[in-house]
Amino acid sequence: MSGPGGLPQGGAAPADRTALVLGGGGVAGVAWHTGVLAGLADAGVDVTTAGLLVGTSAGATVAAQVAGGLDPSELFDRQVDEAGATTELTPRLSVAELWDLMAPAYLEATDDADRRRRLGALALAADTVEEPVRRRVIEARLRGIGWVGGRLRIVVVEAATGQRRVLDAASGVDLVDAVAASCAVPAAWPPVTIGGARYVDGGVWSVANVDLAAGYDRVLVLAPLVDPAVQTDLADLGPGVRSVLVAPDEDSLAAFGPDVLDPGTRGPSARAGRAQGRAEATRVADLLAG
């Protein structure tokens, strides 16, 4: 998936040789992503023109919004608007309760493939809201946006097999369904039916799916959930790839609180993310200009 492009003018990196990878992190992660992007923009650093946008779970929402041309400041305003929280749902189980349900999949699985199938089975058996109810939440987030261009990739996992599927404009899947599937946290939200199969959260495969940025010269990863595997995946892209990983700082983690699926985390997480985006602007600008 290498993007074309000649030498940059004035030392700036061509946008089509840059990948923006947005990872999972619940409702808090959606808000944090938008805050970081808005904070970067405040400092004059625009990463929304990247040639590739990879979205996993929470990152799928924001990647789709960015691909649709929405301004980071507008996205930030949505997150800090308390009235907007009414379009979100609170899961029947807390994150702590969800982790208890998922623990056997991690502790007893024989390998990664077995773990993914176990999580898929958990999702298929869980008592959650109905698919159409959850879909309306994603529709409200996207507000009519469809697939625009060919740079957006949304990661989902087939519940029955544990196999990853990467959806794009050519996949024939409605964008709302693609994002809803990528955000379908096992046991929290219902798997999403696409073409006769059911799909769950792209984070079941990887918290950020950094490997999909292979072929790009510069990779910026925003990862609300801290996972050492992200650093390993970045290194695996090759020695010639320049990258920056932005993970939540102490203030952002405090804003997330104990439950990243709680809609009440939206405002605090967005504000903390915006402050962090401003603080990270020099490092990100160096990546884009180097």
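The buried residues of helix α2 are A58, G59, A60, T61, V62, A63, A64, Q65, V66 and A67. Those are 10 of the helix's 10 residues, so α2 is mostly covered, buried being under 20% relative accessible area. The model is a predicted one.

**Helix α2 and T61**

- T61 is a member of helix α2.
- T61 has a relative accessible area of 1% and is therefore buried.
- A polar contact of 3.1 Å joins the T61 side chain to the side chain of R141.
- Apart from residues within four places in sequence, T61 is in contact with V30, R141, L142, V179 and C183.

**Nonpolar cores**

- The largest nonpolar core has 65 residues, and those touching the most other members are L20, V47, I154, V179, L220 and L222.
- Helix α2 (residues 58-67) gives this core its largest share, seven residues.
- A second, separate core holds 18 residues, including A19, V155, V219 and V221.
- In soluble globular proteins, nonpolar side chains tend to be buried together.
- For L222, with neighbours within four places in sequence left aside, the contacts are L20, V21, L22, G23, W32, H33, V36, L37 and V246.

- G29 is located in helix α1, which covers residues 26-42.
- The relative accessibility of G29 is 0%, so this glycine counts as buried.
- Outside the four places on either side in sequence, G29 is in contact with A58 and P224; A58 is one of the buried residues of α2.
- G29 and L122 lie 93 residues apart in sequence, and their C-alpha atoms are 23 Å apart in space.
- T34 is also in helix α1.
- With a relative accessible area of 1%, T34 is buried.
- Not counting residues up to four places away in sequence, T34 touches V62, Q65, P72, L75, F76, Q79 and A270. Of these, V62 and Q65 are listed among the buried residues of α2.

- S57 sits in the loop between strand β2 (52-56) and helix α2.
- S57 is buried because its relative accessible area is 6%.
- Residues touched by S57, other than those up to four places away in sequence, are G24, S182, C183 and D201.
- S57 and A223 are 166 residues apart along the chain, with 11 Å between their C-alpha atoms.

**Helix α8**

- At the start of helix α8 (residues 228-236), a side-chain oxygen of D227 comes to within 2.9 Å of the backbone nitrogen of A229.
- G238 follows α8 and has a positive phi, near 120°.

**Surface patch around W99**

- W99, Y106 and L107 make a nonpolar surface patch of about 390 Å².
- W99 belongs to helix α4, residues 95-107.
- The relative accessibility of W99 is 48%, so this tryptophan counts as partly exposed.

Terms used: Residues numbered from 1 in each chain as written. Predicted model: local features only at pLDDT ≥ 70, side-chain atom pairs only at ≥ 80, totals over all residues. Heavy atoms only, no water. Patch = residues over 30% accessible without salt bridge, like charges linked within 9 Å, V, L, I, M, F, W, Y side chains within 5 Å. Areas by Shrake-Rupley, 256 points an atom, 1.4 Å probe, with all protein chains shown as cover. Salt bridge = Lys/Arg side-chain N within 4 Å of Asp/Glu carboxyl O. Helix = DSSP H or I, 4+ residues; strand = E, 2+ residues; numbered from the N terminus. Buried < 20%, exposed > 50% of the residue type's maximum accessible area, 1.4 Å probe, protein only. Core = buried A, V, L, I, M, F, W, Y, C linked by side-chain atoms within 4.5 Å. Contact = heavy atoms within 4.5 Å. Polar contact = N/O pair within 3.5 Å; in protein donor to acceptor, adjacent residues only side chain to side chain.
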